[in-house]
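This report describes selected local features of a predicted model. The sequence and structure are shown below.

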Amino acid sequence: MRLLLLLFLFIAFSLCGYGAGATDDRKVCTTFRVLSDAPVIDGLHDDPAWQGIEWETCFIQHEPYEGKEPSQETAFKILYDDDNVYVAIRAFDTNPDSIIRRLTRKDDIDGDFVGILFDSYLDYRTAFAFMVSAAGVKMDFIISNDGENEDDTWDPVWWVKSFIDEEGWTAEMKIPLSQLRFDKDKEQVWGLEVIRSLYRKDELSLWQRIPRDASGFVHLFGELHGISGISPKRQVEIAPYVVAATERFEKETGNPFATGKLNRLNAGVDGKIGVTNNMIIDFTLNPDFGQVEADPSQVNLSAFEIFFEEKRPFFIEGKNILNFPLNFFDGDDMAAENLFYSRRIGRSPQYFPDLESNEYIDMPSNTSILGAAKLTGKTKNGLSIGILESVTAKERAEIDREGERRHETVEPLTNYSLTRIQKDYNEGNTFVGGMFTTTNRFMDDTGLDFLHTSAYSGGIDFSHSWKDRTYSVMAKTYFSHVRGSEEALIGTQESSARYFQRPDNDYAKLDSGRTSLSGHGGTVAIGRFANGHWRYAGFIFWKSPGFELNDIGFMTNADWIMQVFWAGYRIWEPFSIFRELNINFNQWTIFDFGGNLNYKGGNVNFNMQFKNYWHFNTGFNPQFSGRSNNLLRGGPSILVPGSNSTWLNVMSDQRKKFTYGIMTQQNWGNQKSSRNQFYGIFLSYRPINALSISMNPSLNQSDREMQFIETITYEPDNRYIFAAIDQTTLRLSLRLNLSITPNLTLQYWGQPFISVGNYSDFKKITHPHADKYIDRFYTFTDEITYDEVDDVYQINDEPGLSYQIDNPNFNIKEFKSNFVARWEYTPGSTLFIVWSQGRSSYDAGGEFNLRQDMNDMIDIHPHDIFLIKLSYRFGL
């Protein structure tokens, strides 16, 4: 048998023609209809249907040595019938004992794997990917925008088995046509790519060669011919579910709502309905997301909202179709800004009633989602459509006062909707798109007048590439319009996004009589993005002062004009000690709409992998002195010192059972204005193929001279009170993943978190635009005293003016954990068993003592949630 294998490989390699003479012509694979019994999906390829069908071979290396002969040969066959596509893949291996077969959870493949990708639309931009590891773990995702986006939240129903033998390993797949999108042409032509990853060499090989420096991916696929006489399938799936949960928490004497326990039973329905083969409606009624992992702990001392990733299955599946980022940047805070932020739907109530000393409250933690539906798909002529509608409930808090109950509305009945379209032209080289969103609140309670009654936003995006997609020009423009009471619009104008009330703001004035506000923004980029070692681009990005998205979108601040230049040099062929190397240069300046230069800076960064498979990246970021419009939180702008920062990350060979890495970031504020240090360690160990353990401890030490405390209202000049802060934050994330089978997994995540802040050197801002940093504030000495009894600071600012501020010191201790047992007992049907625990405490100690803080955390009474969720999918 081994001799036959070697003979097969010799013939295949001889016919393929690797290296400099290898062709980049588009390959064609011909499939055949199943004429007898369909293959049994067992990974063996011994069914009569497979016999007599020629293997497709001639794979070519993609990484690390593009265009070279792969270390091991791969072959595949494809069959079809009226309902399914069948795929057989043979991954030859001359050392079968070296095949890495690690059991993991679905969509988290580790080890050797193979996969097939279909561009069944044949739009040269969209592909449906089906992957399987040597251990039989599935992964599936949709590629859109010609490889720019990968959506691994797509969860189709399909079957696959893998098998290891003396020739290597095999995979056998059955993919229902109902899970693919294609037209009703009698003779079908699909785009096709087949891939293989040889884990021990970190080697990726492809059936159809695609250059590493290509702009895009899908448009370079080979083709699948031979499919005829099939009809598009309408997908109809209904998945009712039931949830039983019980909570245990600390009982509070006298509080009728804190009884120490709470039980609940809930039910709902999720589903998919195919309007056509190309258009699918996903819906959920009374959804429950109790199995979703909690957000990591954070302490936010800034004026801006923290962005948290979406984790709820309904909203993350197909998220790329409903995506409209404000800019083209990646990897920084601005990358989160988007016309649609799905976590606005079902958010925590935005109003908390005032309580008397003898009152208790039962406050909803989240707004209930009554229902949500989305229509997504793509037509034959290249029109992509995404529509989402959702309604959240009117939420009321119940308040008890000595046995008497009353209710107050804390969140109104709200409708969220959005429409997203994109149209491809010129074989995918050009696209035009748009998006429109609405938020409408039905308010019948004057206590909620601080909320907008309605909010609208929209945008248009455009991209065109030329010269084999080497060069591209991209543009976006967008608008916003919000309406509400005068109270609501004052809050919008005075929010941290714009601070219209700034006394030196002479171009966007606060108008207390407003009942609406409009704004606009956009971004334009042009550059070279592919085909060669050098890539470069220039960007312009702006948001007008009135721009506002935070009813259904996400943004941190408006009043922003940014210019960016980027250049990068990439070497992907191994050389010297490097497996690959990337160098990037960035430069930026930021203005406000008053023409003031706020910030300017740049960075240079290096990312590399060595031939021993270790990764290393580092960079340096100088930020020059500038001007902040938000540091005084509604006060005048203030000049701020520049800073210099650097970072370094090292990661060991991730193919090994034990991997580790170190991370550090260092920042020095000029004129000793700040010092920030971050240290992190990553440890991962896989003692057996089915179990992985990872740990990520980190320490952040921050010393800042200027931390905002409070604004003291005083005529004619307000007092802006600041202090120096010494903040220490320690966290540790622990993960354990046990995969009993590819469909039965146990996962645990736990995170202890401690953050301590100690304030000193209280000061007031005096001359915010003084040339010298130390002349911009005055540090209190004899004017300030601490009252230990009331835990406040008393400040005698000047004759006739005294005030007090609460002690701002803090010591926050939290512990969050999540245990999830997940069993997909049949494709699309799942049983979850969940245990979540939270512990949290706060005091004003301001002293970091690791042993004492950990002991205190253990003593905190836990809040435990035990939950069982069962869903069953019906295919109609």
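## Cis peptide bonds

P716 is located in the loop that separates β38 (691-712) from β39 (719-741). The peptide bond between E715 and P716 is cis, with omega at about 5 degrees.

A cis peptide bond also links E63 to P64, where omega is about 0 degrees. P64 belongs to the loop between β3 (60-63) and β4 (74-80).

## Positive phi angles

D107 is not a glycine, yet its phi is positive, at about 70 degrees. This residue sits in the loop between β5 (84-92) and β6 (113-119). D107 is classed as partly exposed because its relative accessibility is 23%, and that class lies between the limits of 20% and 50%.

R469, likewise a residue other than glycine, has a positive phi near 65 degrees. The loop between β25 (452-466) and β26 (471-484) contains R469. With a relative accessible area of 6%, R469 is buried, since buried means under 20%.

D797 is part of strand β43, which spans residues 792-798. Its relative accessibility is 10%, so D797 counts as buried.

The side chain of D797 forms a polar contact of 2.9 Å with the side chain of R719. When residues up to four places away in sequence are left out, D797 touches R719, K764, F780, S802 and Y803.

Conventions:
Residues are numbered from 1 along each chain as its sequence is written. This is a predicted model: local features need pLDDT of at least 70, side-chain atom pairs count only at pLDDT 80 or more; totals for chains, interfaces and linings use all residues. Side-chain values use heavy atoms; hydrogens and water are left out. Helices (H or I, at least four residues) and strands (E, at least two) are DSSP runs, numbered from the N terminus. Buried means under 20% relative accessible area, exposed over 50%, partly exposed in between (1.4 Å probe, protein chains only). A polar contact is a pair of N or O atoms within 3.5 Å; within protein, one must be able to donate a hydrogen and the other to accept it, and residues adjacent in sequence count only if both atoms are side-chain atoms. Contact means heavy atoms within 4.5 Å.
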